[in-house]
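I opened a new page for this chain. These are my notes on what I looked up, entry by entry.

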Amino acid sequence: MREDLKERIVDYYNSTATVYQDLWGGHIHHGLWKTGRETKEEAQCLFISDLASHGEIFPGAHVLDIGCGLGGGSIFLAKTLGAHCTGITNSPKQVELATTNAKKNNVESSVVFLTMDAENMAFQNQEDSFDFVWIVEALCHLLNKESFLCQVNKLLKKGGKLLIADWFRSVHIPPDRGHVIKSIEDALLVPPLMTNYQCFCHLANNGFQVIFFEDVSTSCLNSWDFPKDLVNDLTFQNIGMGNSMSEVQAVYNLIRTATGKEYRCCFIVAEKISPPTQSDR
């Protein structure tokens, strides 16, 4: 199951990378609507600028961007905050496009993108080398969160911060609504979603202290309106989350209905305060 899911994720993002860029732009994550009048692009930039602000990323900081996608987050941090970013993704096609996007934005000297499995990061002699680890809507794809967080702890400097934006299941889901989360997990190629409280426990077990938490589900709700444009594109329809346009649209409608109820988007900032409780997981 583990390797099969990983292979499906890699195949999906390799095959959809160009389509996502053409239709979504450089950011393939949700947006944050503060006034309700933001454009998709403005909302997506607000999403990551708010997370960066809560994490207090400073000029010259060394940031590891895990699940970097098309490079939008790293490029934003480099351009707006002067950060030095290393982005990793298990999709070679995303690395290719992200590298091109960095050159177009004149930040190629500040960012680098690598093909790498987040659950088996192969950094040589780079323990205690990053000020921040940034993971936006990618933690949910990982199968072994404990092992991943143990690796992150080793890569962060003492006092370094892990910045997370991701989707979690609600703590209390009525029995007759359990199928909703299962349908979303299957559609988005993620293993069973955890609650934010389970995430807090994983963080504590691996030497982190949560210093900021915010549920932004309501502000993200409009994110599930603009993908309606995507499902009208035949290319996306053929490689996306369904066999027909109606199936893909049904997935978006399901997620929109569940957002803020069974399905929640949250920001978490956690500080490294000690080594993990176990050295190998």
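**Entry 1: helix H2.** I started at Glu 41, which lies in helix H2 (residues 40-55). Helices here are DSSP runs of H or I with at least four residues, strands are runs of E with at least two, and both are numbered from the N terminus. The model is predicted: local features need pLDDT of at least 70, side-chain atom pairs count only at pLDDT 80 or more, and totals for chains, interfaces and linings use all residues. Residues are numbered from 1 along each chain as its sequence is written, and side-chain values use heavy atoms, with hydrogens and water left out.

Buried means under 20%, exposed over 50%, and partly exposed in between (1.4 Å probe, protein chains only). I also checked His 27, 14 residues away along the chain from Glu 41: their C-alpha atoms are separated by 8.1 Å.

Gln 44 is found in helix H2 too. Its relative accessible area is 1%, so I noted Gln 44 as buried. The side chain of Gln 44 reaches the backbone oxygen of His 29 at 3.0 Å.

**Entry 2: Asn 153.** Next I went to helix H5 (residues 145-155), where Asn 153 is found. Asn 153 has a relative accessible area of 2%, so it counts as buried. Which residues does Asn 153 contact, leaving aside its neighbours within four places in sequence? I listed Asn 206, Gly 207, Phe 208, Lys 272, Ser 274, Pro 275 and Pro 276. Contact means heavy atoms within 4.5 Å.

**Entry 3: the cavity.** I searched the whole structure and found 1 cavity of 30 Å³ or more. A cavity is a set of points on a 1 Å grid, over the protein atoms alone, where a 1.4 Å probe fits but cannot get out; lining residues have an atom within 4 Å of a point. The largest cavity holds about 40 Å³ of space. A volume is the space filled by probe spheres set on the points.

Its lining consists of Cys 140, Lys 145, Asp 166, Trp 167, Phe 168, Pro 192, Leu 193 and Met 194. Strand S5 (residues 156-169) gives the largest share of that lining, 3 residues.

**Entry 4: the whole chain.** I counted 10 helices and 7 strands. Of the 281 residues in the chain, 53% are buried. Among contacts with a separation of 6 or more, 78% join residues 24 or more positions apart.

Definitions and conventions
1 Å grid on protein atoms, 1.4 Å probe; cavity = no way out; pocket = protein on both sides within 12 Å on 5 of 7 lines; lining within 4 Å. Polar contact = N/O pair within 3.5 Å; in protein donor to acceptor, adjacent residues only side chain to side chain.
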